[in-house]
Amino acid sequence: SANADYNNLGGFRLEDVCVVLAALMGENDGPAYHWIAMMKDHTYAYITGSCDYTGWDCQSWGDADLTITLKEALNKVEDKQARSRLRKQLTGQEPFGSYTDESFN
């Protein structure tokens, strides 16, 4: 929620999220965070962001893409490894909430 609090994410609003379907946990001053969410209107969102070591309220960035289908949301993930790992979460091949940096898993 801090990503949405401190960054302009276009038309994305946290209160419109129904459920987070997949998440890669990044780290401050490290790899980005990635989320795939289903919205209350049954559309989907890909949300990503990162921050420096002090947290989201200082140096951070965030982006959200709203899409009609889950496939479109996954296609918005530019990082191929992140896209693959989010897809694995969605199909039960990887646990929800894995770390972006695989050495933490």
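Predicted model: local features only at pLDDT ≥ 70, side-chain atom pairs only at ≥ 80, totals over all residues.
Which residue forms a salt bridge with Asp16, and how far apart are the closest N and O atoms?

**Figure 1. Asp16 and Arg13 form a salt bridge.** Here is the pair from the opening question: Asp16 is joined to Arg13, and their closest N and O atoms lie 3.1 Å apart. Asp16 is partly exposed, with a relative accessible area of 26%. Arg13 is likewise classed as partly exposed, at 43% relative accessibility.

**Figure 2. Glu15 also forms a salt bridge with Arg13.** In this view, the closest N and O atoms of Glu15 and Arg13 are 3.3 Å apart. Glu15 has a relative accessible area of 46%, so this residue counts as partly exposed.

**Figure 3. Glu94 and Arg85 meet through their side chains in a salt bridge.** The distance from N to O is 2.8 Å. Are these two residues buried or exposed? Both Glu94 and Arg85 are buried, which means that each has under 20% relative accessible area.

**Figure 4. Arg13, Glu15 and Asp16 belong to one network.**

Key
Residues numbered from 1 in each chain as written. Heavy atoms only, no water. Salt bridge = Lys/Arg side-chain N within 4 Å of Asp/Glu carboxyl O. Buried < 20%, exposed > 50% of the residue type's maximum accessible area, 1.4 Å probe, protein only.
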